[in-house]
Amino acid sequence: MGEVFDLQLINTALRQATPLILAALGGLMSERTGVINIGLEGKILMGAFAGAYGALLTGSPWVGLGCAILIGLLFALLHAVATQEFRTDHVVSGVAINLLALGLSTYLFRQLILPREERGLSSVVRGFTPFQADWLVRVPILGALLKDQTWLVLFAVVLPFALFWVLNQTRWGLRVYAVGNDAVKARTMGVPVKRVRYVGVLLSGVLAGIAGAFLTLASADQFRENMSAGRGFIALAALIFGRWHPLGAAAAAFGFGFFEALQMRLQGQPLFGVQLPTDLLLMLPYLLTVIALAGSFGKMKPPSDLGNP
Amino acid sequence: MKTFRLNPSSRTWMQRLLNALMGAGVLFGTLTLLIALAGQPIGASYRILLQGAIGFPPSEQMTPLDAWDGVLHDMTLLLLTGLSVGLALQAGLFNIGAAGQLLMGALIAAWLGVQQGIPSSLHLPLTLLAGAFAGALWALVPALLKVWRGAHEVITTIMFNYIALYLTHWLVVEYLKDPAGAAPQTAPVRASAQLPPLGNFIATSWGIVLTVVIAMLLWAILYRTVWGYETRATGANRDAADAAGIPTRRRILEAMLLAGALAGLAGAIEVCGSQYRFFEGFPSEYGFDGIAVALMGANHPAWTTLTAFALGALRNGAYNLHVVTGAPKEIAMIVQAVLILYVAALRLRRGRLEG
């Protein structure tokens, strides 16, 4: 039974965590500017569909990735316009976006991909080539962690540090901080509040789109109905658990990915002589987030002036 | 199309009419576009939609009673979850957790429904009450966290939806499974715990009547009692309500518990009046539809009732279109999402939704 924890488990955890990290950081970019973003789930789902369909039509995963980013941007733009121009409640807009994405991706799947299958064409996508014989794989520990992974995993590992630097060391990071904490004051100081928020929300669309593309281009090889399966909400949980900090959010997302990997590895086997029900393991990220919210830290940081452009 | 009004209730009749007409335009525009993109003839598709929605014009596969049965069944669930979300919004809370509350209510009702030894005249009311109680309990923790710690109820109720999903799945697989079969579902509830159908001509249960009565009661509570006034005042402006001496924490807590009870009751009615058991993959998405219903119904029980009926008709119409022509049944979902965005863009927002 000591075979449960090994490098392969961490390898799987990284793979499971990658879409969560990307989406959580996307959510972070939006929420740090003060725009609540519960539409991550929908953007992941649309990204997964666009990624699969783009790659299916052209045979190139890069085109798929481009399509996923584009559709993520489009849905993010919808959220940005609704919240910034029409001053819609952020949560309502997010709910509508999730519903729209679930309906639209399934509708398009039935209209565009299923008829292809009925004609006998495969809907399996040519995804990104994983590391197999590269020099990376021959590095002792790193190799075992990255074996059979794609560059997107590396991207998800590096991105939190890059965002940490951007948010803390650049002028733009300072502006995000100002807008997210007191938009009125920021505006008085001459910060273009609306533009900062647009950029934040659009970035969340890009990252959630990439997270979706990862599902079809680096993980599952084909699109299925509602395949995001709640990842957008786990990412949201990771974002809160990580207290809106890029490294914290990424660490929490990795932790939640680890639970998934552990659950896949155990498959109902006992761990240390205890039978852990799969459902309870899957429940853990949500439960931990509620506990974190109940604790002394983790107060939600709502947009300071919700609705004013 | 920007409206910069401080107080939407000062809208004139003209503007409201215009908004409604534009809403109808958005609805039929989206619907027509989706039908056309699915490669279906538009006129014939609308006829099939109407057959599913109101049973007119009658056809051989779909009699008016079949259609009304489907619509009333959906209306029951949509109305209860819509009232749940709407009531919480009246108190200034966004209850995204109706789906989880519905699941807990359904599971507890299914559990109590199979128990022996309960007097048969009490079995049904007890089962429904237990479902409502379970839903209220599931809303309690998010409500307490909101009141005590300021934790955003949107986040906690989303988390509780997933916790409910996995918890009910675990319980139904491990402990409550019908020993007579291998399927992950409970045994059917006893006859004494079943909601009887409205008549031998229609399968819809008395749940619809119960639900409409509850909607009327809720209207009376919200608009004709001090409690309702204080709850609405809390939602409109919590600071002002505090200053006026209203115990806003209590009102928020009570409204959220009642909202949870309504969603839990929806689950119980679905079990006792339609499914007769709890099973893996129990339809909880009605909880999310409740958000659309409440929003379009402006959180007012009367409008919510009307919206629940309309969306129930839309869903069944789209489903009929799917069955007859093979067009994707997600058409209803997309239209619903577009309608939410439209209504939300009109600034019918939380706390000031009385129109």
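A residue counts as buried when its relative accessible area is under 20%. In this predicted model, B:Arg251 has a relative accessible area of 12% and is therefore buried.

B:Arg251 takes part in a network of salt bridges that links B:Glu230, B:Arg250, B:Arg251 and B:Glu254. B:Glu230, at 15%, is also buried, whereas B:Glu254, at 23%, is partly exposed. B:Glu254 and B:Arg251 both belong to helix H10 of chain B and, being three residues apart, are separated by about one helical turn. Over all chains the count comes to 11 salt bridges; some of them are listed below.

| Salt bridge | N to O distance |
|---|---|
| B:Glu230 and B:Arg251 | 2.8 Å |
| B:Glu254 and B:Arg251 | 2.9 Å |
| A:Glu85 and A:Lys194 | 3.0 Å |
| A:Arg110 and B:Glu330 | 3.2 Å |

Between the chains, 43 residues of chain B are in contact with 43 residues of chain A. The area buried there is about 4100 Å², with carbon and sulfur atoms giving 76%. One salt bridge crosses this interface, and six residue pairs are in polar contact across it. Helices H1, H5, H6, H11 and H13 of chain B each supply at least two residues of the side that touches chain A. The largest share, 12 residues, comes from H6(B). By class, this side of chain B has 31 nonpolar, five polar and seven charged residues.

Notes: Residues numbered from 1 in each chain as written. Chains lettered and ligands numbered in written order. Predicted model: local features only at pLDDT ≥ 70, side-chain atom pairs only at ≥ 80, totals over all residues. Heavy atoms only, no water. Contact = heavy atoms within 4.5 Å. Buried area = accessible area lost by both parts, 1.4 Å probe. Salt bridge = Lys/Arg side-chain N within 4 Å of Asp/Glu carboxyl O. Polar contact = N/O pair within 3.5 Å; in protein donor to acceptor, adjacent residues only side chain to side chain. Helix = DSSP H or I, 4+ residues; strand = E, 2+ residues; numbered from the N terminus. Nonpolar A, V, L, I, M, F, W, Y, C, P; charged D, E, K, R; others polar. Buried < 20%, exposed > 50% of the residue type's maximum accessible area, 1.4 Å probe, protein only.
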